[in-house]
Amino acid sequence: NLRAMMLLEPQLCIRASGRPHQVVRPTVGGITKAIQAHGRAGVWGRALSDFQHLRQAGLKVDAICCSTLLQACQQSFWQGVLRMLFELTSSAAVEPSLVTCNVALGLCAKHKLWDQGLQLLHGWMPPRGLAADARSVGPALAAMAVDDVCESRSSSWELPLQLLQEGGALNAVTGSAAIAAAGGSGGSGAWACCVQAFNVMLVSRVLPDTVLLNALLSACERGRRWEQSLSLL
């Protein structure tokens, strides 16, 4: 990929232009663009090589570079990249970042790796002072609602409602997804917790939209609580 090579090794291009004595050292921004270019081309191995080049050059890895690397490897090796980033964070070579964690959580949701996502959200982020926001839990809630993960795991209908309570995650979009996921399970007591979550949203001044109300009505219908459905109309 010529464009990626130019971004990664600008000194080669300068020498080719007839100015052999002028050398421009690689930058984090330039290498990040090279990682992105290789990711778009589907050559994640080269994206990893770009990242190693950055470290060998003694440059400070930032959140944008880490997130770009995860996205570049999202079709195959992203879990390995995530483990590597965790190791680098533990050694203080990389600063913990909510941006990178949100990309990783989105990939966990995309690939339906719920347990890994929860471990990252509840086990890894809090000790490092990273608080979840709507971007952290939104993709997981949306994927759960579409995938019927709560219906396939009978004891997990509480999960989306727990995720909804994560700091900064409460809004009409995440509320709709959480109630749709939990209510869709038909589990005992799911409808009541959905109504409770709805009331919490009202207290928090979250304005319900049609999607949210439909999700709540469906939860009550599955729980055979017709009177509750009528009271919402």
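Helices α7 and α8 are roughly antiparallel to each other, because their axes cross at roughly 155 degrees and angles over 145 degrees count as roughly antiparallel. In this predicted model, α7 spans residues 98–110 and α8 spans residues 114–124, and their axes come within 8 Å. The crossing of α7 past α8 is left-handed. On the α7 side, the residues making the contact are Cys-101, Ala-104, Leu-105, Cys-108 and Ala-109. Trp-114, Gln-116, Gly-117, Leu-120, Leu-121 and Trp-124 make it from α8. By class, nine residues of this contact are nonpolar, two are polar and none is charged.

**α6 against α7**

Helix α7 also packs with α6, a helix of residues 78–90. Here the axes lie 11 Å apart at an angle of about 150 degrees, and that angle makes α6 roughly antiparallel to α7. The crossing of this pair is left-handed. Trp-78, Leu-82 and Leu-85 are the α6 residues of the contact, and they meet Thr-100, Ala-104, Leu-107 and Cys-108 of α7. Six of the residues in this contact are nonpolar and one is polar, with no charged residue.

**α4 against α5**

Another helix pair is formed by α4 (residues 44–56) and α5 (residues 63–72), whose axes come within 9 Å and cross at roughly 160 degrees. This angle makes α4 roughly antiparallel to α5. The crossing is left-handed. Trp-44, Ala-47, Leu-48, Phe-51 and Leu-54 of α4 are in contact with Cys-65, Leu-69 and Ala-72 of α5. The contact holds eight nonpolar residues, with no polar and no charged ones.

| Helix pair | Axis separation | Crossing angle |
|---|---|---|
| α7 and α8 | within 8 Å | roughly 155 degrees |
| α6 and α7 | 11 Å | about 150 degrees |
| α4 and α5 | within 9 Å | roughly 160 degrees |

**Cys-108**

Cys-108 lies in helix α7. Cys-108 belongs to the contact of α7 with α8 and also to that of α6 with α7. Its relative accessible area is 4%. Cys-108 is therefore buried, the cut-off being under 20%. Leaving aside neighbours within four places in sequence, Cys-108 is in contact with Trp-78, Leu-113, Gln-116 and Gly-117. Of these, Trp-78 is a residue of α6, while Gln-116 and Gly-117 are residues of α8. Trp-78 and Cys-108 are 30 residues apart along the chain, and their C-alpha atoms are separated by 9.8 Å.

**Ser-136**

Ser-136 is found in helix α9, which covers residues 134–147. At 3% relative accessibility, Ser-136 counts as buried. The side chain of Ser-136 makes a polar contact of 2.5 Å with the side chain of Asn-102. Not counting residues up to four places away in sequence, Ser-136 touches Leu-98, Asn-102, Leu-105, Leu-121 and Met-125. Among these, Leu-105 of α7 and Leu-121 of α8 are also residues of the contact between those two helices.

**The chain overall**

The protein chain has 15 helices and zero strands. It consists of 233 residues, of which 44% count as buried. Among contacts between residues at least 6 apart in sequence, 66% join residues at least 24 apart.

Notes: Residues numbered from 1 in each chain as written. Predicted model: local features only at pLDDT ≥ 70, side-chain atom pairs only at ≥ 80, totals over all residues. Heavy atoms only, no water. Axes fitted to C-alpha atoms, helices over the stretch in contact; angles between N-to-C directions. Helix = DSSP H or I, 4+ residues; strand = E, 2+ residues; numbered from the N terminus. Parallel < 35°, antiparallel > 145°, perpendicular 65-115°, else oblique. Left-handed = near helix turned anticlockwise from the far one by under 90°. Contact = heavy atoms within 4.5 Å. Nonpolar A, V, L, I, M, F, W, Y, C, P; charged D, E, K, R; others polar. Buried < 20%, exposed > 50% of the residue type's maximum accessible area, 1.4 Å probe, protein only. Polar contact = N/O pair within 3.5 Å; in protein donor to acceptor, adjacent residues only side chain to side chain.
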